[in-house]
Amino acid sequence: MRALNAVSGRAQRRFLRPRRVKKLSILGGEPTVFADFLYVINELDKNWKITVTSNFDSPFFEQDIGFFKQIKHKARLRFNGSLHFIHTPLEKFIANVQKLKKAKISVHTLFLVAHPACLDKALDYKKRLLQIHRRVKLQRFLGFHQGKLYPGQSGPNTGKEQKDGICDYGLYQEGFGQKQAQAILCHSDKVLIAPSGDIYNCHYKVYTGHKDRLGNLFVDGVRVRIPRGYFLCQDFGFCNPCDSEGHLFKSLRGETKSISAV
Ligand code: SF4
């Protein structure tokens with residue numbers, strides 16, 4: 001917690017420059033199953049604006065309303081819900097969303113994945129969720145289903161409401177198809193922190209515990225240098241579909257490539 005709050009120290013006003021809002025997204029897996037989840041939320045100092053993305057289906061949500069009163073600084077905390085309807089009954093999800101709202105904790109957006117295997121169900125559930133919440137979004141499925149990388153240029157979830165921004169499907173298959181690695185120059189502004197404190201700039205590197213880490217939050221603290229501009233990566237081909245948005249690439253010959261409209 002000291003390491004994370006040291007990062008928030010950068011939010012201090014310097015000379016006449018305005019204070020920068022520090023934003024933290026806590027994701028999983030499912031973050032609320034972490035035994036000290038409540039402690040983490042409460043110990044993050046008040047400079048952080050926190051978004052927790054949860055499946056609303058863990059023992060954390062089985063607590064009574066009084067439990068949620070222990071959460072400090074509610075104004076800077078919000079939850080997004082992600083309904084995994086294959087595992088979580090819809091009524092349970094709805095009850096937990098309502099419980100959080102009753103405890104005066106902000107619920108921002110509810111998401112459903114438009115998985116090609118259950119698209120009709122996702123559309124039905126979306127209608128039901130809209131009866132209890134204003135912001136409900138379908139997310140296009142990014143990943144493999146029956147050996148095929150989605151989304152493709154055409155197919156069951158093409159054109160569903162939440163545009164994923166992919167505009168070059170050929171490049172998407174080449175970079176995210178998990179077939180063959182090639183060297184590329186990659187541009188990413190992401191800062192991803194693994195539970196170990198290791199810091200990376202893309203999901204592929206987090207998930208594989210890649211040697212190309214930028215540093216470790218517990219060792220290097222706020223002194224980690226985040227690369228600006230393009231940097232050389234040897235693993236284009238195994239990029240994670242979660243990173244298909246917002247990344248820019250350049251071939252080693254200097255030709256700029258973009259999968260999504262950025
Ligand atoms: S694996 Fe892909 S997204 Fe990650 S740094 Fe390399 S090229 Fe960029």
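This is a predicted model: local features need pLDDT of at least 70, side-chain atom pairs count only at pLDDT 80 or more; totals for chains, interfaces and linings use all residues.
Which residues on the other side of helix 4 are exposed? They are Glu-91 and Lys-102.

**Helix 4: extent and end**
- Helix 4 spans residues 90–102, a run of 13 residues.
- From first C-alpha to last, helix 4 reaches 18 Å, close to the 18 Å expected at 1.5 Å a residue.

**Helix 4: buried face and packing**
- Phe-93, Ile-94, Asn-96, Val-97 and Leu-100 are the buried residues of helix 4.
- Viewed down the helix axis, these buried residues fall within an arc of 165°, so they line one face of helix 4.
- The packing partners of the buried residues are strand 3 (77–83) and strand 4 (106–114).
- Glu-91 and Lys-102, on the other side of helix 4, are exposed.

**Shell around the ligand**
- The residues around the ligand include four cysteines, namely Cys-186, Cys-202, Cys-233 and Cys-239.
- Ile-184, Ser-188, Tyr-204, Lys-205, Asp-235, Phe-236, Asp-243 and His-247 are also around the ligand.
- Strand 8 (182–187), helix 7 (203–207) and strand 12 (231–236) are the elements that each give two or more residues to this shell.
- Strand 12 gives the most, with three residues.
- By class, seven residues of the shell are nonpolar, two are polar and three are charged.

Note on methods
Residues are numbered from 1 along each chain as its sequence is written. Helices (H or I, at least four residues) and strands (E, at least two) are DSSP runs, numbered from the N terminus. The expected span of a helix is 1.5 Å times one less than its number of residues. A residue is buried if 20 or more other C-beta atoms lie within 10 Å of its own, exposed if 12 or fewer, and partly exposed in between; C-beta atoms are placed from the backbone. The arc is that of the directions from the helix axis to the C-beta atoms. Two residues are in contact if their C-beta atoms, placed from the backbone, lie within 7 Å. A residue is near a molecule or strand if its C-beta atom, placed from the backbone, lies within 6 Å of it. Ala, Val, Leu, Ile, Met, Phe, Trp, Tyr, Cys and Pro count as nonpolar, Asp, Glu, Lys and Arg as charged, and the others, Gly among them, as polar.
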